[in-house]
Amino acid sequence: MKLGKVEFCHFLQLIALFLCLSGMSQAELSGSRSKPYFQSGRSRTKRSWVWNQFFVLEEYMGSDPLYVGKIFLLVKNEWEQKSVSNWYQTKMGRVIKTALPNMDREAKDQYLLVIQAKDMVGQNGGLSGTTSVTVTLTDVNDNPPRFPRRSYQYNVPESLPVASVVARIKAADADIGANAEMEYRIVDGDGLGIFKISVDKDTQEGIITIQKDLDFEAKTSYTLRIEAANKDADPRFLSLGPFSDTTTVKIIVEDVDEPPVFSSPLYPMEVSEATQVGNIIGTVAAHDPDSSNSPVRYSIDRNTDLERYFNIDANSGVITTAKSLDRETNAVHNITVLAMESQNPSQVGRGYVAITILDVNDNAPEFAMDYETTVCENAQPGQVIQKISAVDKDEPSNGHQFYFSLTTDATNNHNFSLKDNKDNTASILTRRNGFRRQEQSVYYLPIFIVDSGSPSLSSTNTLTIRVCDCDADGIAQTCNAEAYVLPAGLSTGALIAILACVLTLLVLILLIITMRRRKKEPLIFDEERDIRENIVRYDDEGGGEEDTEAFDMAALRNLNVIRDTKTRRDVTPEIQFLSRPTFKSIPDNVIFREFIWERLKEADVDPCAPPYDSLQTYAFEGNGSVAESLSSLDSISSNSDQNYDYLSDWGPRFKRLADMYGTGQESLYS
């Protein structure tokens, strides 16, 4: 098919129109995505929107649309490169208004709006921009509170303390914030004075607490009618109904096993301190408050009556005295009485008893203090030298009244007199002058004091009066009588010197006695090192060297052996023996005497010798014998070939030795 010129021109027009339309649609699409648009070297950013958020009151019931807000368009012109600010606000604002009345925040509290703006009055080829607007509904108090239940029931024990929480209830309110704040009150019921209700500011709950103690035996249940209302109601919505609600709360009191209860919290009692042991003072009473009414037994808490002055009858509660009472020791006794159930001893009640001890006149008056009375040597007759008073441990109801006088023996004395001042005091006066310390330095004045009790008691107190030397103002200077004796005898310095000499002599005597006691004290030494002469007994006639190895036998072998001198540790040696003298050939009795004397001196200075008396035995046969030593102690060093035939010439006393050691010894052992 061939097209003519006219048809071909129409075909080209259609193609051009199609291309234009497709270009416009792409421009609109790019404009909705806020992408830059380029045109022959020039560019500009499409219009953008500022995010907006508007708030609208719910439940608007007006006939006119509600004003929500206004939107303005900001445009940036990038062609004006030199301008200070390329952003400007269009003067064409648009207002958003509500389209429907009675919007409910509790149903939906926010709305999201998408706003589109186009330039060129929305014609093809214009640019557009979009923004989101959030509309939030603010709350108004348009919902009354409502209890979810018409009645509540709670069980509480009767032992629950006062101010304890019994229950928590809450009325529901769909509003929020200040529009949901509650107030609760008890409007009716039989527990108006027993319970109270308050509000928890955080949770808006009603808290029911106890105001008085519960008693199951008195009342087993309580019914309360409680109202909940908004704290601040909106008058615009009062037509919707009352903004309050009520509910019923029933509280059931549960029985618990309670301890016995005393009829009185405190029992005051009085008793005279002169009462006899076993007398009745008073009675306490307690009962079991439970319905079982268990019997009660009584006892005294001994921690409050440590001295056990009182007893109580376990069944009747009668309190009696167990010991004699003394008001001056303890005027009031506060004791605790325990009451326990017979069926359940763990349930114990406590009652308190205050026992006041009544006073009787059982204490005699006495001086108020220890008086130190003095009289001057130059005192004149009738001069007051002392004012005395008295005290009494008793406390009569009308107060004390004391009477003073001198005893019968002292009434006629010529030195002092007494004047009763009638105000529980008395004055001591002098009757003469001329008191002298050297004649009598101390006077004793017996004073008789009587109280006003019934029966009255009295006592005799002795006042000691010293004679003193006084100055011109009557102030005592010295009261020692020895001051007048000293001038006639020794002076004070001489007495001090004598006293010092006596003390020195006593110290020397004590030192001497101490040194003597130290000499007699036993020395401490090791028993294993106590080496001294001992008696050694042998059953054989020789060969005893093995038994004497532990002893110093040098003195028995040779008299002239020099021994080392040892110094005693407990005494100071007077003579130091540096050497031993050599014995000469002198008579035997002199040799033995000197031998014993030397041994005695050695024992005195020997530090190992015992301090007590002991018997020293020495096997010493002397020296200078013609036959020399006959002891077997030195046989270890003797010559076995020695000739002992001369023993037979010594007489019958040496016959046995001659037979043993003489020429016939070989035949003796053959």
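Reply: Below, we go from the overall fold to single residues.

Me: What should I know about the source and the numbering?
Reply: This is a predicted model: local features need pLDDT of at least 70, side-chain atom pairs count only at pLDDT 80 or more, and totals for chains, interfaces and linings use all residues. Residues are numbered from 1 along each chain as its sequence is written, and side-chain values use heavy atoms, with hydrogens and water left out.

Me: How many helices and strands does the protein chain have?
Reply: There are 7 helices and 35 strands. Both are DSSP runs numbered from the N terminus: helices are H or I with at least four residues, strands are E with at least two.

Me: How much of the protein chain is buried?
Reply: Of its 670 residues, 31% count as buried. Buried means under 20% relative accessible area, exposed means over 50%, and partly exposed is in between (1.4 Å probe, protein chains only).

Me: And the contacts, what share join residues at least 24 apart?
Reply: 64%, among contacts between residues at least 6 apart in sequence. A contact means heavy atoms within 4.5 Å.

Me: Which residues make the nonpolar surface patch of about 780 Å²?
Reply: L495, I498, L499, V502, L503, L505, L506, I509 and I513. Patch residues have over 30% relative accessible area and no salt bridge; nonpolar side chains (Val, Leu, Ile, Met, Phe, Trp, Tyr) are joined within 5 Å, like charges within 9 Å. A salt bridge is a side-chain nitrogen of Lys or Arg within 4 Å of a carboxyl oxygen of Asp or Glu.

Me: Where does V502 lie?
Reply: In helix α3, residues 492-520. V502 is partly exposed, at 41% relative accessible area.

Me: New topic. How many aromatic pairs?
Reply: The count comes to 10. Rings of Phe, Tyr and Trp (its six-membered ring) pair if their centres lie within 6.5 Å; planes under 30 degrees apart are stacked, over 60 edge-to-face, the rest tilted. F195 and Y222 form an edge-to-face pair, 5.3 Å centre to centre with 75 degrees between the planes.

Me: Which strands hold F195 and Y222?
Reply: F195 is in β14 (residues 195-199) and Y222 in β16 (residues 221-230), 27 residues apart. F195 is buried at 1%, and Y222 is buried at 7%.

Me: What about F416 and Y443?
Reply: Their ring centres are 5.5 Å apart and their planes at 75 degrees, so that pair is edge-to-face. F416 lies in β31 (residues 416-420) and Y443 in β33 (residues 442-450), so the pair ties together parts 27 residues apart in sequence. F416 is buried at 2%, and Y443 is buried at 9%.

Me: Which ring does the charged end of K219 sit over?
Reply: That of Y222, 5.4 Å from its centre. The charged end of R432 sits over the ring of F435, 4.2 Å from its centre. The rule: NZ of Lys or CZ of Arg within 6 Å of the ring centre and within 35 degrees of the ring normal.

Me: Backbone now. Which residues does a cis peptide bond join?
Reply: S454 and P455, with omega about -5 degrees. P455 is in the loop between β33 and β34 (458-470).

Me: Is Q204 buried or exposed?
Reply: Q204 counts as buried, at 16% relative accessibility. Q204 has a positive phi of about 60 degrees although it is not a glycine.

Notes. Areas by Shrake-Rupley, 256 points an atom, 1.4 Å probe, with all protein chains shown as cover.
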